[in-house]
Amino acid sequence: MSDTVHVLNGPNLNLLGTREPGIYGAATLADVEALCHAEGAALGFAIVFRQTNSEGALVDLIQAARGARGIVLNAAAYTHTSVALRDAVAAVGVPTIEVHLSNVFAREAFRHHSFLSPVARGVICGFGPQSYVLGLRALAGLPPTP
Ligand code: CA2
């Protein structure tokens, strides 16, 4: 079984740590990446960490994860809008943990619906960058996929 986990990030997450620290905290995306590499090393995962602002590019990144051990996916705003991402997650057949930095259920109603949750293996939100760490640990605890 592959030991590679793809950590994929959607639109505007490249701005982390530069704006809206009250919602998203002070950590930058580079800090989140470093955290994922450290946790990945502890769990025996090779981490591929990517961010894109483009929906189609995110579909391509999900498809490129075929055969991987798992995906940790923060699709950001596309979570709430994208049938294309949902179809990609369902099609790729890789256990996918949907993660969010913020507690989306404590925010605006339009953030309460996710197109991804029904096809994700699980969902973690509200723990800041630790949501990613918890996503990696969740993948480590899953039985091997055939
Ligand atoms: O809480 C999360 O991780 C979100 O996926 C973040 C998305 C939001 O649309 C989701 O509802 C929840 C937004 C990411 C934008 O990130 C920014 C970071 C700094 C400044 C502005 C935006």
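These legends accompany close-up views of a predicted model.

**View 1. Helix α2 beside helix α5.**
Let's start with a pair of helices: α2 covers residues 29-43 and α5 covers residues 130-140. Their axes come within 9 Å and cross at roughly 25 degrees. Angles under 35 degrees count as roughly parallel, and α2 and α5 are therefore roughly parallel to each other. The crossing of α2 past α5 is right-handed.

**View 2. The residues where α2 and α5 meet.**
Which residues of α2 meet α5? On the α2 side you will find V32, L35, C36, E39, G40 and L43. Their partners on the α5 side are Q130, Y132, V133, L136, R137 and A140. Sorted by class, the residues of this α2 and α5 contact are 8 nonpolar, 2 polar and 2 charged.

**View 3. Helix α3 packed with helix α4.**
Here is another helix pair, with α3 formed by residues 55-64 and α4 by residues 83-92. The axes of α3 and α4 lie 9 Å apart, at an angle of about 5 degrees. With that angle under the 35 degree limit, α3 and α4 are therefore roughly parallel to each other. From α3, the residues E55, L58, V59, I62 and Q63 take part in the contact. From α4, they meet A84, L85, A88, V89 and V92. The contact of α3 with α4 is made up of 8 nonpolar residues, 1 polar and 1 charged.

**View 4. The largest pocket.**
Now for the open spaces: the largest pocket has a volume of about 390 Å³. Which residues lie nearest the centre of this pocket? They are P11, N12, L13, Y24 and A76, out of a lining of 18 residues. By class, that pocket lining holds 9 nonpolar, 5 polar and 4 charged residues.

N12 is not a glycine, yet its phi is positive at about 75 degrees. You can find N12 in the loop between β1 (4-9) and α1 (21-24). A76 is likewise a residue other than glycine, and its positive phi is near 50 degrees. The loop that holds A76 runs between β3 (70-74) and α4.

How many cavities of 30 Å³ or more does the model contain? The count comes to 1. The volume of the largest cavity is about 40 Å³. Lining this cavity are M1, R69, P95, L139, L142, P143, P144 and T145. Of these lining residues, 6 are nonpolar, 1 is polar and 1 is charged.

Conventions:
Residues numbered from 1 in each chain as written. Predicted model: local features only at pLDDT ≥ 70, side-chain atom pairs only at ≥ 80, totals over all residues. Heavy atoms only, no water. Axes fitted to C-alpha atoms, helices over the stretch in contact; angles between N-to-C directions. Helix = DSSP H or I, 4+ residues; strand = E, 2+ residues; numbered from the N terminus. Parallel < 35°, antiparallel > 145°, perpendicular 65-115°, else oblique. Left-handed = near helix turned anticlockwise from the far one by under 90°. Contact = heavy atoms within 4.5 Å. Nonpolar A, V, L, I, M, F, W, Y, C, P; charged D, E, K, R; others polar. 1 Å grid on protein atoms, 1.4 Å probe; cavity = no way out; pocket = protein on both sides within 12 Å on 5 of 7 lines; lining within 4 Å. Points joined across faces, edges and corners; volume = space filled by probe spheres on them.
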